Amino acid sequence: MNKVMSNKWMITLYILPALLLLLILIYIPLVLSAYYGLMEWDGIGNMKFIGVGNFITAIQDMKFWSSVYHSFLLALFSALSLLAYLGISLILASNIKGSDILRKIYLIPMLLSSVAIAQLWIKVYNPTNGLLNSFLMAIGIDNPPAWLAEPSIVLYAIFIPILWQYAGFYILIYYAALKNIPESLVEAARIDGASPWQVAFKIKLPLIKGVFKVTIVLAIVGSLKYFDLIYVMTGGGPNGASEVMASYMYKVAFRSYDFGYGSAIGFLLLVITLIVTFIVRKLTVSDEKELQY
Amino acid sequence: MRRLGYVVLYVILIIIAIVQIFPLIWLFLFSLKDNQQIFAKSPFSLPDHPHWENYLKAWQGNIGTYFFNSIWISAVAIVLTVLFASMATFAITRMKWKLSKLVLGLFMVGLMIPLHSALIPLFKLYLSVNLIDNPTSVFLSYTAFHLPVTMMILLGFYYTLPKEIEEAAIMDGCSVNLLFVRIILPMTTSVLATTVIINMIYNWNEFVFVNTFISSDKYKTLTVGIQNFVGQYQTDWGPIGATLMISIVPIIILYIFFSNKIVEGMSSSAIKG
């Protein structure tokens, strides 16, 4: 038995296809992005080594920092929205009839492509004929804003479809976690005279703390990677007001053909994501050994 | 009092449900209208008669080609992803070797990595082996980037498979390959179905790789094709709506038939256990 299942050839045969793809198409490119960041390169011609020039440019580039700021703002919004999702899940999981179908309806936007969602919401936000402004004008608001053309509100306007898209996903996760709580625990608390609020805050929420922490990491790291929706809805505009790290990197590389600088930004995106992941993990891990989810 | 509270909560839940699907219903409505109705009448009005010609127009505008490409590129990537992920999960959870924990860690860290950081080097790699504007670059990328999440879904299931079965099989002289193909894979069909469906959704919706690696119309998939189409028809809302509907409907149909699998896959792709 042991001999058969520890045969080196067999192990290599089974792990190699996946491992090679992982290394060649993910890990090596990640390392190379740091290396290409040291080059001046238009994507087609020869590379020229210029040292850390691109990284210094990034540090002094206000457009880069504003894209970092926007990414972090979206991460903050996403983390805060988890509280709303959690609230909805608490209601949904408290023996509501039809909770199964409701939760499945909530999930629908999550299954659609970000491109389709972006195109749909461009129409929703259309200043004159869109769903939103038609509604606002119908209830008597005369000059509703052109949501995606207004630098001061565009980032919030973009966050609404994100909120809409991910709602079902997080509700699903919290709902599953809440349903995992043994009924006997909740019942015992009720018999001891605990109110529904006390049951929710003293019993249910502490029991799903582990899951909540995982979702915080997911939401924050996920937000730092946002691209499709923003690229399609605004292309980072107007005037950079909705530019995020990934969209800025894409623009520098594939629109301005500055692949060296684009690689440098891509590498900084990786470093920032890893640092944030590390910090959020550290902050959300407590002393006691948590349930491993 | 209790009853009233219950009703209020119910109303909140139902309003959220309406918010979640209303934009899609609105999309369906305007995909059946002509511009005159869209611009002159209330957005909440029903179409005077369904303008199915919008769908015809969309289909003629290359959407057929994009649709077909989405299907076959997704399918190839799904086969590769699910096969390689199953093999790797099998090697990691059932075979005995020193580095298995480390290799598993490499795959799991892959869940966190922003693909944009790898995009330019990937572009250069494909350029140097002549795979730019070739669908191979797209399905290889889909496979590599979806291996981690597929393995995450498979892992929980593999850990619960009883050891006795493979012990008995090996005792009877069964080879590793036979054990994997004849015994392990059939035992995992239910979780395999979940990974297939989840990958189907991911691949169908993917945008960046196609947008970056593919330039010929004949290889583009729906997500990128929609972008082209919208660019051409700018103010013609009906056909744009029809195009979006064509890209959404297959996923909705999938959801109607496999909602339990999708719900299961979505939650286990995020959280172990």
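**View 1. The helices of chain B.** Chain B holds 12 helices and zero strands; helices are DSSP runs of H or I with at least four residues, strands are runs of E with at least two, and both are numbered from the N terminus. Along the sequence, the pattern reads α-α-α-α-α-α-α-α-α-α-α-α. The C-alpha trace of chain B spans about 75 × 70 × 35 Å along its principal axes. Its radius of gyration is 23 Å, whereas a compact globule of 273 residues would have one near 19 Å. This radius is taken over C-alpha atoms, and the globule rule is 2.2 Å times the number of residues to the power 0.38.

**How the views were prepared.** This is a predicted model, in which local features need pLDDT of at least 70 and side-chain atom pairs count only at pLDDT 80 or more, while totals for chains, interfaces and linings use all residues. Residues are numbered from 1 along each chain as its sequence is written, chains are lettered from A and ligands numbered from 1 in the order in which they are written, and side-chain values use heavy atoms, with hydrogens and water left out.

**View 2. Confidence in chain B.** The mean pLDDT (the predictor's confidence in each residue, from 0 to 100) of chain B is 90, and 99% of its residues reach 70 or more.

**View 3. Residues 287-293 of chain A.** Over this stretch of chain A, pLDDT stays under 50. The model has 10 contacts (heavy atoms within 4.5 Å) beyond four places in sequence for residues 287-293 of chain A. Where pLDDT is low, the predicted coordinates should not be read in detail.

**View 4. The interface between chain A and chain B.** Here 92 residues of chain A are in contact with 93 residues of chain B. The area buried between the two chains is about 8,400 Å², and carbon and sulfur atoms give 79% of that area; buried area is the accessible area (1.4 Å probe) that two parts lose on being put together, summed over both. Met5(A), Tyr14(A) and Leu111(A) supply 10% of the area that chain A buries against chain B, more than any other three residues.

View 5. Helix α2 (residues 8-36) of chain A gives the most to the side of chain A that touches chain B, with 20 residues.
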